Amino acid sequence: MKELQIRNMPELPFDMSEALNQLRVNLGFCGDQVKTVMLTSSVPNEGKSFVAMQLWKQMAEVGTPTLLIDCDFRNSELRSKYGLSSTGKLTGGAHYLAGISELDDVLYQTSIPNGYILPVASAIANPTILLEGPRFSQMIETCERMFEYVLIDTPPIGSVADALNIATHCDGTVLVVRSGSTPRKMVDNSVQLLKRTETPLLGIVLNRADMNSKSNVYYHRYYRSGYYYNKEYGKTYGYGQHSVKNK
Ligand SMILES: Nc1ncnc2c1ncn2[C@@H]1O[C@H](COP(=O)(O)OP(=O)(O)OP(=O)(O)O)[C@@H](O)[C@H]1O
Ligand SMILES: [Mg+2]
């Protein structure tokens, strides 16, 4: 299998990594029949790729062979943000879906044992025809047989229909919601749209919650988890307004 280097994988602070750990464990409770899980959100920038990448890493690190498929064909940032590179020419999902490459040519092992990635090599303007073609379902079915979990990173539901198309091939979906930012109505609308796909909505991840806000104090004091905006991590990435206390 070809190899993919990941040059910028951030190390997360304990609380954040523990919250992701809980998400991983909860996915396990969904049962053996839930193997292919799509992550999506209502609008851009809610943290789909962040959660997908970190969840993928955690699953691999506990010894579960896990494939992350990047299906954000129009606007994927995984390659640039996480510094993905291969020794030869990078080939991705679109190469396979267009019939230019075989599946073996687009599946990569990484330096994280049990962590595999099917990347987007370069953006394409209109992937709909590829997502609706027979090779997409063949790709998902084969990957499901090869790996214990398949996580799929997608574009936001509110922008294009891609995620809803992809959902129909998955065993479940996870909706990422950016705390304090995405209007409730938009979240409701996304839930309704996902319901129509008849693929179960496994849960909602509240990402980047400000654990200092009054409404979160109780939650933080007693559970010390949730996906939140962390000062140290935020600093590294040019964010950072809120600090997170351990108690
Ligand atoms: N919990 C978090 N704490 C700190 N930074 C975060 C968190 N979640 C996401 N980010 C950062 O926010 C930015 C947007 O996140 P990400 O790219 O995952 O969003 P997205 O929903 O995949 O966006 P898009 O719709 O453009 O694909 C990234 O720089 C990411 O590192
Ligand atoms: Mg993304």
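Which residue has a polar backbone atom 2.9 Å from an oxygen atom of ligand 1? In this predicted model, it is G47 that makes this backbone contact with the ligand oxygen. Side chains join in too. N207 places a polar side-chain atom 2.9 Å from a nitrogen atom of ligand 1, while an N or O atom in the side chain of D72 sits 3.5 Å from an oxygen atom of the ligand. On its own, ligand 1 would expose 630 Å², and the protein buries 95% of that.

Now for the shell as a whole. Ligand 1 is surrounded by 16 residues, with K48, S49, F50, N207 and R208 the closest. Helix 2, which runs over residues 48–61, supplies the largest share of this shell, at three residues.

Searching the whole structure turns up one aromatic pair. It is formed by Y116 and F147, whose ring centres are 5.0 Å apart; their planes meet at 50 degrees, so the pair counts as tilted. Y116 belongs to strand 6 (residues 115–118), whereas F147 is in the loop between helix 7 (134–146) and strand 7 (149–153), so the pair ties together parts that lie 31 residues apart in sequence. Y116 and F147 are both buried.

Note on methods
Residues numbered from 1 in each chain as written. Chains lettered and ligands numbered in written order. Predicted model: local features only at pLDDT ≥ 70, side-chain atom pairs only at ≥ 80, totals over all residues. Heavy atoms only, no water. Phe/Tyr/Trp six-rings, centres within 6.5 Å; stacked < 30°, edge-to-face > 60°. Helix = DSSP H or I, 4+ residues; strand = E, 2+ residues; numbered from the N terminus. Buried < 20%, exposed > 50% of the residue type's maximum accessible area, 1.4 Å probe, protein only. Near = heavy atom within 4 Å. Polar contact = N/O pair within 3.5 Å; in protein donor to acceptor, adjacent residues only side chain to side chain. Areas by Shrake-Rupley, 256 points an atom, 1.4 Å probe, with all protein chains shown as cover.
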